[in-house]
Amino acid sequence: MDLQIYRLSGRDLGWVLEVKAEGSKPVIWDHAFASEGAAISEFNRAMKEEGLSAFMVDRPRFRGFGAPPRSSGEGLS
């Protein structure tokens with residue numbers, strides 16, 4: 001599993017959370033987190049409540065706090 005928490009260069013918009021399970025496409029939260037710790041907490045919550053299968057996707061997915069992944073065709077909110 002590849003867990004990435006990063007800030008976009010030149011912007012102070014918070015932290016981005018992206019997770020990619022081996023052999024899967026990325027799952028990206030569609031909002032920024034106030035801190036790295038908040039992003040890690042959300043990842044831990046998702047793993048505990050939904051398990052690894054929440055990150056096994058066949059195309060990139062976007063999701064919000066506490067929400068299962070949405071299809072990439074649904075766009076960002």
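Mentor: Met1 sits in the segment before strand 1 (2-6); strands are DSSP runs of E with at least two residues, helices are runs of H or I with at least four, and both are numbered from the N terminus. This is a predicted model, in which local features need pLDDT of at least 70 and side-chain atom pairs count only at pLDDT 80 or more, while totals for chains, interfaces and linings use all residues. Residues are numbered from 1 along each chain as its sequence is written, and side-chain values use heavy atoms, with hydrogens and water left out.

Met1 is partly exposed because its relative accessibility is 48% (buried is under 20%, exposed over 50%, partly exposed in between, with a 1.4 Å probe and protein chains only). Together with Leu52 and Met56, Met1 forms a nonpolar surface patch of about 290 Å² accessible area. Such a patch joins nonpolar side chains (Val, Leu, Ile, Met, Phe, Trp, Tyr) within 5 Å, or like charges within 9 Å, from residues with over 30% relative accessible area and no salt bridge (a side-chain nitrogen of Lys or Arg within 4 Å of a carboxyl oxygen of Asp or Glu). Areas follow the Shrake-Rupley method with a 1.4 Å probe.

Next comes strand 1, which holds Tyr6. With a relative accessible area of 27%, Tyr6 is partly exposed. Beyond its neighbours within four places in sequence, Tyr6 is in contact with Gly14, Trp15, Val16 and Glu18 (heavy atoms within 4.5 Å).

Ala39 is one of the buried residues of helix 1, along with Glu42, Phe43, Arg45 and Ala46. Seen down the helix axis, the buried residues of helix 1 fall within an arc of 160 degrees, so they line one face (the arc uses directions from the axis to the C-beta atoms). An α-helix has 3.6 residues a turn, so residues three or four places apart point the same way. The cover over the buried residues of helix 1 includes strand 1, strand 2 (16-20), strand 3 (27-29) and strand 4 (61-63). Just after helix 1, Gly51 has a positive phi of about 80 degrees.

As for the whole chain, it has one helix and five strands, in the order β-β-β-α-β-β from the N terminus. Of its 77 residues, 38% are buried.
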